[in-house]
Amino acid sequence: MDYFLTEDQIALRDLAKQIADEKIRPVAAQHDRDGTFPWDLVKVFADAGLFGVIIPEEYGGTGQGVMELTIMTEEMAKACGGITLCVAASALGTFPIIISANEDQKKRYLPNLASGKHLAAFCLTEPAAGSDAGSMKTRAVKDGDDYILNGTKVFITNGGVANVYTVIAVTDPDRGSRGTSAFIVERDFPGFRVGKEEDKMGIRASSTSEVIFEDCRVPAANRIGREGEGFMVAMKTLDKSRPGVAAQALGIAQGAFDLAVDYARNRYQFGAPIASLQAIQFMLADMATAIESARALLYAAARNIDANAKNYAQGSAMCKLLASDVAMKVTVDAVQIFGGYGYMRDYPVEKFMRDAQITQIYEGTNQIQRLVIARSLMHEAAAKGK
Ligand code: COS
């Protein structure tokens, strides 16, 4: 389908495709096997200006938006969802600064994030506060012109490799989620350290780690927004970043689908390519239809965000929900079309299946997306007085 992209968007898509074909695909299996972070590719992405896509021009970015983040993430995830993630995760860590930081904070942090000199990470999840993000325990206590942070955040994407961490912590334990605040923490602040690096089923080229705050001194000048606004900053961030997960999921689905089509046309059984069998044709037709539905919803959601349309959070949750469920189904079916070969690591298709599942989990499980969508529907109904 034609989504009538602008000339700039087509140019960005072509650039991302070229990087995917020439730089990502050749090393994807190796990074997956070794679980190594793709530092060489960070340089390639930085040189191509990909880290600056969501950052306004006055802070060194290209001043584009979520739609452009979506287009390039989808294209690169066709080659490897794990390698691609360093860009999308840095965008996630950067959104709190774009959304709620003051001018001084934007000037101090955004230029290095736009150029890719620094990577960002978003720190919300804790060992006992996953879906129930509001029950976090990491404490920030005011001490003169500083805050002292204590606590542990887990499953932090880019956790082991970032320089700038946007962190949500409790400033007033009596006020629940209204007692939380957001902070910018630099990697070399005393009392900050990276903890355990996780060994994952998929997206193995991505760094996922604990980050630990032990009497970590953070200047009050690094608090984003007012005290008490931390949870709201986090929710607004996720509203903008979830299409990035959907784009990753869509790229994974399309990447696996393309391999399945190719295989079905070249695999002969019963004297003909298996693509000539209706059993396989129906599977491919369903996979293609699901992928196109996910893409249509994702692009619409991304465009709604960039246009600041009313209640874009609902579409953001919907596109993440749909695209990640599609990615899981399509990648399982792609392995099935490959049959026994698909299950073997010698073939690239099983990796897509392993990479797909995290998209149903992070930035809010799909059960949480349903909750966000349902609450939004009820608010709309209440507003109409029904
Ligand atoms: N934008 C702005 N404000 C929002 C908001 C949004 N999208 N969503 C919620 N808020 C505000 C609410 O308006 C409420 O404010 P008041 O206290 O002033 O009324 C406050 O935040 C608390 O909201 P709510 O009562 O809905 O919070 P819950 O504890 O019920 O949690 C969910 C809401 C489940 C949606 C939230 O905890 C969540 O998103 N969990 C998943 C977290 C996640 O995605 N984790 C992944 C890790 S980050 S990669």
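Mentor: Rings of Phe, Tyr and Trp (its six-membered ring) pair if their centres lie within 6.5 Å; planes under 30 degrees apart count as stacked, over 60 as edge-to-face and the rest as tilted. In this predicted model, local features need pLDDT of at least 70, side-chain atom pairs count only at pLDDT 80 or more, and totals for chains, interfaces and linings use all residues. Residues are numbered from 1 along each chain as its sequence is written, and side-chain values use heavy atoms, leaving out hydrogens and water.

Trainee: How many aromatic pairs does a search of the whole structure find?

Mentor: The search finds 8 aromatic pairs.

Trainee: What makes Tyr165 and Phe192 a tilted pair?

Mentor: Their centres are 4.6 Å apart, with 45 degrees between the planes. Tyr165 lies in strand 4 and Phe192 in strand 6, so the pair ties together parts 27 residues apart in sequence. Strands here are DSSP runs (E, at least two residues), and helices are too (H or I, at least four), numbered from the N terminus.

Trainee: Why is the pair of Tyr263 and Phe338 called stacked?

Mentor: The planes are 20 degrees apart, with 4.2 Å centre to centre; under 30 degrees counts as stacked. Tyr263 lies in helix 6 and Phe338 in helix 8. Together with Tyr341 and Tyr347, these residues form one aromatic cluster.

Trainee: How do you know that Tyr263 is buried?

Mentor: Buried means under 20% relative accessible area, exposed over 50%, partly exposed in between (1.4 Å probe, protein chains only). Tyr263 has 13%, so Tyr263 is buried. Phe338, with 5%, is buried as well.
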